[in-house]
Amino acid sequence: EGLGDLDSSVKFYKKVFQYDASSVEAIACIGTHNFYSDMPEIALRSFRRLLQMGVVNTELYNNIGLCCFYAQQYDMSLTCFERAINLANKENVADVWYNIGHIAVGIGDSNLAYQAFQMALISDNNHAEAYNNLAVLEMRKGKVEQARAYFLSAITINQELYEAHYNLAILSEGQGDLNTSFKEVRKSLEAFAEHVDSKNLLAQLRQYFTLL
């Protein structure tokens, strides 16, 4: 797991689970693996098992909240995040608020999303993902310069955040600043070479420059 070989890690944790069905680490790893394998309902079983075993912490309720959301159990999701906030400390509260914002975007509650991302930044002013998502909300409201400032803040904090580069490229392209758009979309692909939307935008920009 420490080497990033998650597939091998899961295999070993499953063997651990066969010998010790109460291994918290094994259950948590298997649950996380199932969640990132697009099986939130199955992951939810693992995380609820941990609750039954008496494990109570921010990370667990955060994970259950995400599983409930992707399993379309929206009310339960928000309840879990409320519990996660109550248990959170200064090291992890920003991530909980960020996930609440992510859930709010998913259910179409822009006001809650905006407030949650702001709370994430109050808790951690270096939360690049929160800046990026706030910028997207500002862009939707037509506040272009505020959106640009948030995107630039996200990029300053994390140069590898391809979403911020791509979103800034889209914003710049919409404003007719094609040079900035070209530069940013290339940076997006440097960070994540397989990002389809960035590839498509880069192709469009190259075609435009060819016609000039």
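Accessible areas here come from the Shrake-Rupley method with a 1.4 Å probe, and for residues only the protein chains shown count as cover. By that method the accessible surface of the protein comes to about 12,100 Å², of which 50% belongs to carbon and sulfur atoms.

This is a predicted model, in which local features need pLDDT of at least 70 and side-chain atom pairs count only at pLDDT 80 or more, while totals for chains, interfaces and linings use all residues. Residues are numbered from 1 along each chain as its sequence is written, and side-chain values use heavy atoms, with hydrogens and water left out.

**The whole chain**

Start with a cartoon view. The protein has 12 helices and zero strands; helices (H or I, at least four residues) and strands (E, at least two) are DSSP runs, numbered from the N terminus. Of the 212 residues, 42% count as buried. Buried means under 20% relative accessible area, exposed means over 50%, and partly exposed lies in between (1.4 Å probe, protein chains only). A contact means heavy atoms within 4.5 Å. Among contacts with a separation of 6 or more, 41% are between residues 24 or more positions apart.

**Helix H6**

Select residues 93-106, which form helix H6. The end C-alpha atoms are 20 Å apart, which agrees with the 20 Å that its 14 residues should span at 1.5 Å a residue. The expected span is 1.5 Å times one less than the number of residues. In H6, 10 of the 14 residues are buried, so the helix is largely enclosed by the rest of the structure. Among the buried ones are Val93, Trp97, Tyr98 and Ile103.

What do the buried residues of H6 pack against? Show helix H4 (58-70), helix H5 (74-87), helix H7 (110-123) and helix H8 (128-140) to see these partners.

**Aromatic rings**

Next, display the side chains of Phe35, Tyr36, Phe69, Tyr70 and Tyr74, which ring pairs link into a cluster. Rings of Phe, Tyr and Trp (its six-membered ring) pair if their centres lie within 6.5 Å; planes under 30 degrees apart count as stacked, over 60 as edge-to-face and the rest as tilted. A search of the whole structure finds nine aromatic pairs. In one of them, Phe69 and Tyr74 have ring centres 5.5 Å apart and planes at 50 degrees, so the pair is tilted. Phe69 is buried at 10% relative accessibility, and Tyr74 is partly exposed at 37%.

**Charged side chains**

Side chains of opposite charge can pair when their charged atoms come close. A salt bridge is a side-chain nitrogen of Lys or Arg within 4 Å of a carboxyl oxygen of Asp or Glu. The whole structure has three salt bridges.

- Select Glu138 and Lys141, which meet in a salt bridge at 3.8 Å, N to O. Glu138 is buried at 2%, whereas Lys141 is partly exposed at 48%. Lys141 also lies over the face of Tyr114, at 4.3 Å from the ring centre; this requires NZ of Lys or CZ of Arg within 6 Å of the ring centre and within 35 degrees of the ring normal.
- Select Glu145 and Arg148, joined at 3.7 Å, N to O. Both lie in helix H9 (residues 144-157), three residues apart, about one turn of the helix. Glu145 is exposed at 55%, but Arg148 is buried at 18%.
- Select Glu194 and Lys199, whose closest N and O atoms are 3.3 Å apart. Glu194 is exposed at 53%, and Lys199 is partly exposed at 38%.
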